[in-house]
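Student: I have a new structure open and would like to learn how to read it. Could you walk me through it?

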Amino acid sequence: MSGIRRAFPFLVAAATGIISGIYIFKPLLVQDGNELAIGPGSQPNITASNSPQKSQERSTDKDISR
């Protein structure tokens with residue numbers, strides 16, 4: 001019985017680490033799996049789609065100077 005009591009905190013810490021690792025990294029693993037299944041070139045680049053294009057930047061600069 002005393003062996004179980006000594007091992008219990010370690011088992012709880014290990015289980016917490018495994019569960020939190022799954023919770024944290026599952027979206028990344030699913031995303032990578034989807035890219036491998038579909039192909040890396042078929043999905044849009046997220047960083048490129050969120051950044052403004054050069055033509056949009058120039059038009060906003062002209063609007064500000066008026």
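Student: Where in the protein chain is confidence lowest, and where is it highest?

Tutor: Good place to begin, since this is a predicted model. Where pLDDT is low, the predicted coordinates should not be read in detail. Here the lowest mean, 54, belongs to helix H2 (residues 46-50), while helix H1 (residues 2-38) has the highest, at 91. For the protein chain overall, the mean pLDDT is 76, with 58% of residues at 70 or more.

Student: How many helices and strands does the protein chain have?

Tutor: Count the elements, then follow their order. The protein chain has 3 helices and 0 strands, and from the N terminus the order is α-α-α.

Student: What span does H1 reach, and where does H1 bend?

Tutor: Compare the end-to-end reach with the expected one. The 37 residues of H1 reach 53 Å from first C-alpha to last, close to the expected 54 Å. Even so, there is a bend of about 50 degrees at Phe25, and Pro27 follows within four residues.

Student: What share of the protein chain is buried?

Tutor: Of its 66 residues, 2% are buried. The accessible surface is about 6,200 Å², and carbon and sulfur atoms account for 65% of that.

Terms used: Residues numbered from 1 in each chain as written. Predicted model: local features only at pLDDT ≥ 70, side-chain atom pairs only at ≥ 80, totals over all residues. Heavy atoms only, no water. pLDDT = per-residue confidence, 0-100. Helix = DSSP H or I, 4+ residues; strand = E, 2+ residues; numbered from the N terminus. Buried < 20%, exposed > 50% of the residue type's maximum accessible area, 1.4 Å probe, protein only. Areas by Shrake-Rupley, 256 points an atom, 1.4 Å probe, with all protein chains shown as cover. Expected span 1.5 Å × (residues − 1). Bend = angle between axes of the 7 residues up to and from the residue.
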